[in-house]
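This report considers how two protein chains meet and how a ligand is held. Please examine the structure below before reading on.

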Amino acid sequence: MKILTTVKRVTDPDAKIKIKPDQTGIVTDGVEYRMNSFDEYGVEAAIALKETHGGEVVVVSVGPSEATKEIRTALAMGADRGILVEDAGELDSDAVARVLAEVVRRENPDIIVIGKQAVDSDRNQTGQLLASYLDIPQATFAYSLEVADGWATVGREVDGGTSTKRVKLPAIVTADLRLNEPRYASLPGIMKAKRKPLETLSPADLGVDTASKVRVLKYEAPEERAAGEIVDSVDVLIDRLRNKSKVI
Amino acid sequence: MANVLVVAEHLDGKLRKVTLPTITFAQQAAALTGGQIYVLVLGSNVDAVAEEASRYGVAKVLYANSPVFENYLAETYAPAIVKAAKEVGATIVCSPASTTGKDVLPRVAAKLDAGMVSDAISVSNDGGLRYRRPLWAGNVLTTVEVTTPVHAITVRTSDFDLPEETAAAPVESFDAGVGADDSVQFVSFDQVKSERPELTDANVVVAGGRGLKSGDNFKMIMDLADTLNGAVGATRAAVDSGYAPNDWQIGQTGKVVAPSLYFAVAISGAIQHLAGMKGSKTIVAINTNPEAPIFQVADYGLVGDAFQLVPELTEKLKQIV
Ligand SMILES: Cc1cc2nc3c(=O)[nH]c(=O)nc-3n(C[C@H](O)[C@H](O)[C@H](O)COP(=O)(O)OP(=O)(O)OC[C@H]3O[C@@H](n4cnc5c(N)ncnc54)[C@H](O)[C@@H]3O)c2cc1C
Ligand SMILES: Nc1ncnc2c1ncn2[C@@H]1O[C@H](COP(=O)(O)O)[C@@H](O)[C@H]1O
């Protein structure tokens, strides 16, 4: 089975994000980057599928040349081959999905397992857009995944509870955080990853124009909440809620 | 025609409340485009839902009853939404930023060649429509512009009020022209049944974290919530530990809530959690650790043991509410 997965290079989720004074972006000096958290779950799921069914895991990133680091991390976890589609622009999910669609058309994977959301841009669109461009079924927000007889059975986290759906392969599955426990790259894994193939393409090689359909005009910091009061008893708390905030 | 199409959601034969603030968003957008609002209801027996949706200041409600739509599937709902959007001349197609909206709307957007904005918190006009949306777990707000003729928008419902009730608009049956898709099968929806208000529209939310140490201990969270007719929430760590169902998760990857009163009990206050509750009007934090980051966003903080303070609070509130 051929499995395709993706990794996005994102700012460290625990980093304090600052906005540039001219509001054109975030301050990137001194900011650490790493693989998008959700993609760790996507990569883990892809490798686990290979371990069960055999085959190959191809990992794709769309981003600057530095994103080879995130691809190597996935290779060190156990993916077999990497593809970087190099583009240093601020792409919307639609442009990424159109690039990925062309990679998928070249690679013809049996299943595509990716993260549900990038923790920087928080859009939660790419997998669904990709499924739509490829006209294949999708199973988003997966907390469980089983593949048998050309179908994937996926448990999904949805409002109001959980839901189970079966999709015929090829299909797209997007990973939620309870899908698995991503493995760490082992030292031998890291050594091996250095020798695994990593191809670099440009969007133009794939015939894709990465012009975004959504343009960001301004970045701002949200209003901070004012510091509150430490109360020293339940009675004082109730008094404040009743008489000051008037919420009970 | 610069009309707005709202994709309605329903559960157990009733309009889901998240649809209503989405209609408010649509009203604000339509006021800027000069267009009219259409609501689309898909299901197998949705006449009553369509009727309900018609009473909130919209131009028309379209509904389609079909066995194909009995259970929600992105693969069958998306083409129906695409068809409706074209027929009503929608330049904005919107849905709540619920799990269904997030699942289906990108699929629609690709087919309509529409730029898509997730989690819009406002719409305005400044030489063209502008949307604002939070990202980076709520630590950044951006103002964006969509460059395609059609815009696909999921609406962060906690940022919009409920629309006013009006006289009923016309309700019309819609031929979606969608057949079954044999590449996908719905298996089940396992609903977390509850008598409590929904998290996303409760006035009071009581949320518990990993510090509660067990699912059984969530009972005190539920007791406090029930005393105030509130909903119950949880952190990712509490859900991961099996103390609470996933449907209760609040945060960057869970639900976003903005009640009048939010209790964070035994919750440290990670940014991913704050992303889902920072918009609450009044925040109360109860935590043994005075250094917990949750106190930096709390209006009132109680430093101490939840196992002692929460039951005491519940008992004392019972005397007065
Ligand atoms: C990509 C990603 C997405 C995420 N999305 C979310 C999300 O949507 N929602 C979310 O919540 N988290 C999310 N997280 C996880 C988040 O980073 C934190 O790990 C999580 O919120 C911590 O949960 P907690 O506060 O319950 O647990 P902890 O951080 O372990 O805090 C427990 C707290 O309980 C206190 N405590 C212990 N005993 C008591 C007692 N007896 N009485 C009172 N207080 C006590 C402790 O002092 C501590 O502050 C995400 C993480 C990642 C990487
Ligand atoms: N630039 C990118 N390169 C590779 N994968 C991406 C990129 N952007 C998004 N993705 C994938 O799509 C998922 C959802 O991203 P998004 O829709 O942008 O929130 C992520 O978890 C990634 O797996």
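## Contacts between the chains

A polar contact is a pair of N or O atoms within 3.5 Å; within protein, one atom must be able to donate a hydrogen and the other to accept it. In this predicted model, 53 residue pairs are in polar contact between chain B and chain A, counting pairs in which both residues have pLDDT 80 or more. The interface of the two chains also holds 10 salt bridges. One of the salt bridges joins the side chains of B:Asp113 and A:Lys213, with an N to O distance of 2.7 Å. On the side of chain B that touches chain A, 37 residues are nonpolar, 24 polar and 23 charged.

Chain B contributes 84 residues to the contact, and chain A contributes 73. Together the chains bury about 6800 Å², with 52% of this area on carbon and sulfur atoms. B:Arg107, B:Trp136 and B:Tyr300 supply 11% of the area that chain B buries against chain A, more than any other three residues.

## The ligand site

The site of ligand 1 is shared between chains, because residues from chains A and B surround the ligand. The shell includes at least two residues from each of α1 (37-53) of chain A and α6 (236-240), α7 (271-274) and α8 (306-320) of chain B. By class, the shell consists of 10 nonpolar, 16 polar and 4 charged residues.

An oxygen atom of ligand 1 lies 3.0 Å from a backbone N or O atom of B:Arg236. For B:Gln249, a side-chain N or O atom is 3.2 Å from an oxygen atom of the ligand. A polar backbone atom of B:Ala306 is 2.9 Å from a nitrogen atom of ligand 1. The protein covers 83% of the 990 Å² of accessible area that ligand 1 has on its own.

Methods
Residues numbered from 1 in each chain as written. Chains lettered and ligands numbered in written order. Predicted model: local features only at pLDDT ≥ 70, side-chain atom pairs only at ≥ 80, totals over all residues. Heavy atoms only, no water. Near = heavy atom within 4 Å. Areas by Shrake-Rupley, 256 points an atom, 1.4 Å probe, with all protein chains shown as cover. Helix = DSSP H or I, 4+ residues; strand = E, 2+ residues; numbered from the N terminus. Nonpolar A, V, L, I, M, F, W, Y, C, P; charged D, E, K, R; others polar. Contact = heavy atoms within 4.5 Å. Buried area = accessible area lost by both parts, 1.4 Å probe. Salt bridge = Lys/Arg side-chain N within 4 Å of Asp/Glu carboxyl O.
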